[in-house]
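Biologist: Hi! Could you walk me through this model?

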Amino acid sequence: MGAAASTKVPKQSSPTSPVTLLPTQCLQVPVALERLYLGLGWRNKGGASLDVDASAVSFSGNQVHNIVYFGSTRDRAAPSAVVHTGDVLTGGKGDVDLERIYIQCGALAKEVDSVYLVINVFTGGKTFADVDAAYCRLVNADSNQELANFRLGDLKTGDAIVFGKLSRHPATG
């Protein structure tokens with residue numbers, strides 16, 4: 001599976017440094033990656049307690065195959081290919097992942113052709129503008145190398161974003 005977010009491709013300063021994505025940018029993730037995780041962290045702004053959540057929605061064609069989120073922390077595969085570490089209801093220090101979703105690419109059901117990585121502000125009436133030091137990131141779970149990150153605080157409106165899309169491409173050759 002590779003990952004893409006949109007059309008513009010950002011510059012990476014070195015092969016081991018993460019790419020900080022901006023809205024509409026994409027990143028090609030190496031096909032050989034076996035295990036990834038989506039990390040999410042945030043800090044409450046002004047003392048108000050805010051809940052931000054991570055989800056992974058897998059598709060088979062145009063049909064939802066499975067949704068992994070705080071209320072359903074594992075996909076239906078056996079063993080689970082997508083696992084949520086659990087819900088955190090308030091922010092932390094803004095520099096540590098509070099929620100993670102692990103994805104074992106090779107264990108995904110064969111009919112799954114894409115997985116969307118979604119971040120949303122669960123606290124009603126609040127947006128990303130109400131959260132401080134919020135970020136999400138895509139990490140190689142085997143090496144802990146951060147591949148890409150996105151500063152959610154750069155969003156001035158809205159309460160949800162698709163951070164990325166992992167797509168399965170047929171083998172060629």
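Modeller: Happy to; we can start with the sheet and then turn to charged side chains. This is a predicted model, where local features need pLDDT of at least 70, side-chain atom pairs count only at pLDDT 80 or more, and totals for chains, interfaces and linings use all residues. Residues are numbered from 1 along each chain as its sequence is written, and side-chain values use heavy atoms, with hydrogens and water left out.

Biologist: What is the strand order in the open sheet?

Modeller: The order is β2-β10-β9-β3-β7-β6, six strands with mixed pairing. Strands are DSSP runs of E, at least two residues, numbered from the N terminus, and two of them pair if DSSP finds at least two bridges between them.

Biologist: Which strands stand at the edges?

Modeller: β2 (19-20) and β6 (82-84); each has a single partner strand, so one side of each is left without a neighbour in the sheet.

Biologist: Switching to charges, how many salt bridges are there?

Modeller: The count is six, taking a salt bridge as a side-chain nitrogen of Lys or Arg within 4 Å of a carboxyl oxygen of Asp or Glu.

Biologist: Which residue does D97 bridge to in strand β9?

Modeller: R137, with the closest N and O atoms 2.9 Å apart. D97 sits in the loop between β6 and β7, 40 residues from R137.

Methods: Helix = DSSP H or I, 4+ residues; strand = E, 2+ residues; numbered from the N terminus.
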